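Morning, everyone. Let's talk about charged pairs in today's structure. Here it is.

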Amino acid sequence: MAALAELELKRLREQLAAVAPPPPAPPPPAEADFPSARPSRVVKQKVPLPDGAQASSVNIWDLEEGDLQPEKPAAPPPPAEPARRRSTRTKTRILGFDTQAAGVVPLFEEADAPAAEVAPAAPGQGVVMFPTGWLVVKQGPGKGVAFALSQGTNQIGRGSDQTVALDFGDMAISRQNHAAIVYDPATHRFHLAHGGKSNLVRLNGRPLLATETLGDGDELQIGETSLLLKVLCTPDFNWTASGAGGDGHDMAIA
């Protein structure tokens, strides 16, 4: 406190010295014959502060040690969070309907019995009217899938536009016309022809080099896929003989 007071007094003295008028010239020396006069009393006057200087409104003797510490700057206020925009879309829920698909619980099967793997439905297959037979995947990708055959040419390939669309992951099968099964409505017999692809088509274990006649139960091998032919229309039974009118006409797919 004493050091601060001395600094403040020193600063005031310097300010006063800067604005104080120069001291008056000393009086001429008195003659020795006259007695010396008694000095008059000097009255101190308050010197005005220079322009721009402000007088301190706080007495330094009234300050305490805690008041002399510099004030810490106030922390900036936290940024205001942007107001969340209220969604204008109204969510509706229909009572009585569950959004999740309900599982099928087998009632007549044992709980520990393993569920049979079901192959995905073949693309492009609908309800076939007047089928002449079926080609069933016996082994390989898509095992268990059956394709209905109609009169005329039934192409075999991986494309969705094929009558027998074997798009189950066997890349050894060409996309279009790897082989074809032809039903002749005049003789009511099936014939197998290859499409000239690099991967061979086997009939009952033998490479197919030319068109051959098929019978019920014959097996075709393309890549890793084995196909079994099940014949419906024969010379003994066909849609023409039964009066249905389907054999010899275009097949209708619903």
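Start with Glu219. Glu219 is partly exposed, at 28% relative accessible area. The cut-offs: buried is under 20%, exposed is over 50%, and partly exposed is in between, using a 1.4 Å probe and protein chains only.

Before I go on, a word on the source. This is a predicted model, where local features need pLDDT of at least 70, side-chain atom pairs count only at pLDDT 80 or more, and totals for chains, interfaces and linings use all residues. Residues are numbered from 1 along each chain as its sequence is written, and side-chain values use heavy atoms, with hydrogens and water left out.

Which residue forms a salt bridge with Glu219? Lys138 does, with the closest N and O atoms 2.4 Å apart. By salt bridge I mean a side-chain nitrogen of Lys or Arg within 4 Å of a carboxyl oxygen of Asp or Glu. Lys138 is partly exposed too, at 36%.

Next pair. Lys230 forms a salt bridge with Asp216, and their closest N and O atoms are 3.6 Å apart. Lys230 sits in strand β11 (residues 225–231), while Asp216 is in the loop between β9 (212–214) and β10. That links distant parts of the chain, 14 residues apart. Strands here are DSSP runs of E, at least two residues; helices are runs of H or I, at least four; both are numbered from the N terminus.

Now the helix. Arg11 bridges to Glu8, closest N and O atoms 2.3 Å apart. Both lie in helix α1 (residues 2–19), three residues apart, so about one helical turn separates them. Glu8 is buried at 18%; Arg11 is partly exposed at 35%.

How many salt bridges in the whole structure? The search finds four.
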